[in-house]
Amino acid sequence: MTIFLSPNSKALILPYCLTVLLLASPLALALDEIEPNDTPATAQDLGKPQGLTSVSGSIDGAGDIDFFKLDSINTLWGFTAVLDTSASSAGRDATLSIYDADGTTLLQQDQGGWEKGSVITLQHFQGGSGTPVYIKVEAATPGATISAYTLHIYVTSMGNHMETEPNDTPQTGTITRMSQFGIIDSDTDTDCFRLSGEENDELILTLRADPENDGSTTDFVLSLYDASGNLLVSADHSGPGGNEYIDTITLSRAIYSYCVTARSGAGSTATYSTGPIVNNSHYLPGFTQAPRWLNPGLGDIATPGETMEFRLALTNTSLLPIPPQLRIGVYSIPACLSFADSSNFDDVASNAANKYFDTQLEPGSTYTVDFSLNVLSVCNETMYQDGGLDYYSTGTAKPIPYLVAANQCESAVLQIAGPVYSGAGATYYSSETAIETAPDAPLSKITVERPHALILEAPSIAIKDGDTFVVNRGAQLRVYGKAVTCP
Ligand SMILES: [Ca+2]
Ligand SMILES: [Ca+2]
Ligand SMILES: [Ca+2]
Ligand SMILES: [Ca+2]
């Protein structure tokens, strides 16, 4: 299964033009720092991150500064960097900073944003693929020693989607995207966001207090609530202009809300960004895509000239509605298939089509699209259900493999000339009533080797006495005893 981000538009989205891949299973990489790394020029290169990267290091007294270089995925993506100094037997006060590609332009900085260290969050990458940013770890007091720290870098897709008012209670919270942007516009404003947890999900919540980096000094509070509105945990560690961080909470399958309030500084400049990290990566609601081939032939084989009928399906398996930016698409291989009936789609190209849904998908509900395709040629290919949840800037390509084989009727005996069957292309579909090796190769062994398939369909099938069949791993031998009509 391939999961991908798609632009939030109604353009046709094909997998080969996607720019952003989400990882179905985020990677976790654990490294030790490598000295010398005291300047951007000698920064330890962490490359283009995937999932969670953790680095263990230390600040060894006077002069030690640790720089790490992180390469951009693209500007739709960003990261959260969490510095944990709680294991240090010496000093624990550190400063965590992010610099632009020049190594000197400060993008974000934190000192003691949470109980165990510092946090920089929802920091967009600044340029296209490979453009670096630099992360700096240093002692808050020059010359101090931090005997051990761990730097965790969580990579997430972002977008800073705007909150939707009214959202002042846990029950009315804006449904969470990957990251959210909001404003505490009055002393009484509370902004809540809801997400649907799954059993044993690990949730981290972060708040960036000054997303514009313009020096605003609102003092925010970030709080997590259960489905009944009970407060589970609250973070108010930082002062004015400081980030907030809620460390890992293990979830149940339930709806959770996190709310933002301001202790000071409400008004038009009281902007923030906030978002969850779930299982070291983005938050996405639970959903399934289940495309089906409705009329497969015997043995899941079609023949040229037939019509294949498909049903695409998208089901919301989470506990919250999926907002109505939903798209179900299809794409197929143009050499193999062409649309016979695409009338249920909203836009149709030669081998791709999309259907858009403008009402939210309720929990447990399914949207489907039926269509049919003409079978053009012999193929061993895949038809894909494409797209999905544009609200979350994401989609999934889910394949249906299919086999199209030629129906060959020209002789009564399929005679195999050599010891290795190769068929006509990748597949062979025969109405022959007998199969045997060549007369001059008695007692031969007939071997079917990947990617070949030998498919026999006839009222009765005989194999010459003494001939041996070998079907190697990955190859296919299918024998069907049904009547075949030949011209
Ligand atoms: Ca060091
Ligand atoms: Ca160093
Ligand atoms: Ca608000
Ligand atoms: Ca509000």
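View 1. Count the contacts in the protein chain with a separation of 6 or more, and residues 24 or more positions apart account for 72% of them. Keep in mind that this is a predicted model. The secondary structure is quickly told: the protein chain has 44 strands and zero helices. Of its 487 residues, 43% are buried.

**View 2. Five strands make an open sheet with mixed pairing.** Reading across, the order runs E14-E16-E21-E18-E19. E14 (174-175) and E19 (231-235) are the edge strands; each has a single partner strand, so one side of each is left without a neighbour in the sheet.

View 3. Look for Thr174 here: its bridge partner in E16 is Phe193.

**View 4. The largest nonpolar core takes in 97 residues.** Which residues have the most contacts inside it? They are Ala81, Leu83, Leu222, Tyr258, Val330 and Val404. As for who supplies the core, strand E12 (residues 146-157) gives the largest share, with six residues.

**View 5. Val404, one of the residues with the most contacts inside the core, and what it touches.** Leaving out residues up to four places away in sequence, Val404 touches Ala302, Thr303 and Pro304, along with Cys336.

Terms used: Residues numbered from 1 in each chain as written. Chains lettered and ligands numbered in written order. Predicted model: local features only at pLDDT ≥ 70, side-chain atom pairs only at ≥ 80, totals over all residues. Pairing = 2+ DSSP bridges. Helix = DSSP H or I, 4+ residues; strand = E, 2+ residues; numbered from the N terminus. Core = buried A, V, L, I, M, F, W, Y, C linked by C-beta atoms within 7 Å. Buried ≥ 20, exposed ≤ 12 C-beta atoms within 10 Å, placed from the backbone. Contact = placed C-beta atoms within 7 Å.
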